[in-house]
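Please keep the sequence and the 3D view open while reading.

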Amino acid sequence: MSDPVIAAAAEIVQQADPAAVQVRSFFDEATFTVTHVLSDPATGKAAIIDSVLDFDPASGRTSTTSADAVIAYVREQGLEVEWLLETHAHADHLSAAPYLQEQLGGRLAIGRHILTVQNVFGKIFNEGTRFARDGSQFDHLFDEGDRFSVGSIPAIALHVPGHTPADMAYVIGDAVFIGDTLFMPDYGSARADFPGGDAHVLYRSVRRLLSLPEASRLFLCHDYKAPGRDTYAWETTVAEQRRSNVHLHDGVNEDDFVAMRKARDATLDMPRLILPSIQVNMRGGHFPEPEENGVSYLKLPLNQL
């Protein structure tokens with residue numbers, strides 16, 4: 001295999017015992033988001049991937065119902081959280097990582113290209129110098145090919161940009177957490193029209209992911225129930241995606257995908273929570289610094305997106 005990072009990831013998958021890599025998923029229907037808890041039964045160590053803080057945009061109020069369900073599961077199972085992993089700075093929900101970290105511990109991590117997102121959106125929101133654009137809101141920034149572990153389970157970080165410039169996938173044993181790069185095979189692929197997104201780059205990132213062993217379990221960040229499907233789903237395999245993904249099955253070339261993706265993206269509205277989500281998530285899930293009255297405020301830039 002000519003791609004050494006994918007070769008290393010493939011080796012991790014091939015050597016994994018699926019029965020020893022446990023994943024429990026929590027679906028938040030309000031944002032169509034899936035939070036995953038991966039755990040190692042041998043050590044009781046765990047990672048939480050892509051958590052959700054409940055948010056009502058009409059009132060500006062947050063709540064922790066979704067995160068509390070994750071906390072209850074972690075405590076019931078007697079797990080010790082080592083990592084709070086973000087696949088990217090989400091545009092459709094607020095991260096609950098700081099709340100989970102306060103309750104459960106663990107290191108908050110994202111890809112190093114979050115700096116690009118911070119710079120782009122720091123300007124869009126006119127954040128000024130008080131907003132650090134160096135990734136310091138996170139405990140760890142992953143680079144392409146960085147190795148880590150969850151308990152005794154080896155893991156590696158893959159940079160898979162295209163949806164945003166900062167997207168990461170995490171290969172942990174035979175489980176691959178791919179964020180928004182792909183959806184279920186009957187729904188297709190992520191949009192690529194956000195600032196810094198690129199359909200050509202997304203195509204290449206997906207082809208890298210789909211060169212992993214066919215039995216690799218892919219865990220998605222979202223599901224929207226494709227027409228004709230009555231239940232939500234968020235787990236698939238490389239083999240299933242290569243065979244039947246409606247946008248990116250084997251045989252679809254880059255130019256055709258890009259033409260389809262651009263035409264489809266042109267019809268899509270901005271996500272309902274993109275403005276609050278990005279402001280919070282580029283800060284690692286923290287709210288903007290309170291003003292002199294002790295209240296945090298989110299901005300609504302006009303005619304920018």
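How many aromatic pairs does the structure hold? The count is 16 aromatic pairs. The model is a predicted one. Two of the pairs are described here.

**Phe26 and Tyr73**

The ring centres of Phe26 and Tyr73 are 5.7 Å apart. Their planes meet at 65°, so the pair is edge-to-face; the cut-off for that class is over 60 degrees. The two residues come from distant parts of the chain, 47 residues apart. Phe26 sits in strand β1, residues 22-28. Tyr73 belongs to helix α2, residues 65-76.

Is Phe26 buried or exposed? Phe26 counts as buried, because its relative accessibility is 13% and the limit is under 20%. Tyr73 is buried as well, with a relative accessible area of 13%. Tyr73 also has a charged neighbour: Arg24 lies over the face of its ring, at 5.6 Å from the ring centre.

**Phe183 and Tyr224**

The second pair is edge-to-face too, because the planes of Phe183 and Tyr224 stand at 90°. The centres of these rings are 5.6 Å apart. Again the pair links distant parts of the chain, here 41 residues apart. Both partners are in loops. Phe183 is in the loop between β12 (175-177) and α5 (199-209). Tyr224 is in the loop between β13 (217-219) and β14 (235-237).

Phe183 is buried at 7% relative accessibility. Tyr224, in contrast, is partly exposed, with a relative accessible area of 29%.

The two pairs side by side:

| Pair | Centre distance | Plane angle |
|---|---|---|
| Phe26 and Tyr73 | 5.7 Å | 65° |
| Phe183 and Tyr224 | 5.6 Å | 90° |

**A ring cluster**

Which residues do ring pairs link into a cluster? They are Phe27, Phe32, Phe183, Tyr187, Tyr224, Tyr232 and Trp234. One of these, Tyr232, carries a charge over its ring: Lys225 lies over the face, at 4.6 Å from the ring centre.

**Enclosed space**

Rolling a probe the size of a water molecule over the atoms shows where empty space is left. A search of the whole structure gives one cavity of 30 Å³ or more. The largest cavity holds about 30 Å³ of space.

What lines the largest cavity? Its lining is made up of Glu86, His88, Ala89, Ser95, Ile110, Phe138, Asn281, Gly284 and Gly285. By class, this lining has three nonpolar, five polar and one charged residues.

Terms used: Residues are numbered from 1 along each chain as its sequence is written. This is a predicted model: local features need pLDDT of at least 70, side-chain atom pairs count only at pLDDT 80 or more; totals for chains, interfaces and linings use all residues. Side-chain values use heavy atoms; hydrogens and water are left out. Rings of Phe, Tyr and Trp (its six-membered ring) pair if their centres lie within 6.5 Å; planes under 30 degrees apart count as stacked, over 60 as edge-to-face and the rest as tilted. Helices (H or I, at least four residues) and strands (E, at least two) are DSSP runs, numbered from the N terminus. Buried means under 20% relative accessible area, exposed over 50%, partly exposed in between (1.4 Å probe, protein chains only). A charge sits over a ring if NZ of Lys or CZ of Arg is within 6 Å of the ring centre and within 35 degrees of the ring normal. On a 1 Å grid over the protein atoms alone, a cavity is a set of points where a 1.4 Å probe fits but cannot get out, and a pocket is an open set with protein on both sides within 12 Å along at least five of seven lines; lining residues have an atom within 4 Å of a point. Grid points are joined across faces, edges and corners, and a volume is the space filled by probe spheres set on the points. Ala, Val, Leu, Ile, Met, Phe, Trp, Tyr, Cys and Pro count as nonpolar, Asp, Glu, Lys and Arg as charged, and the others, Gly among them, as polar.
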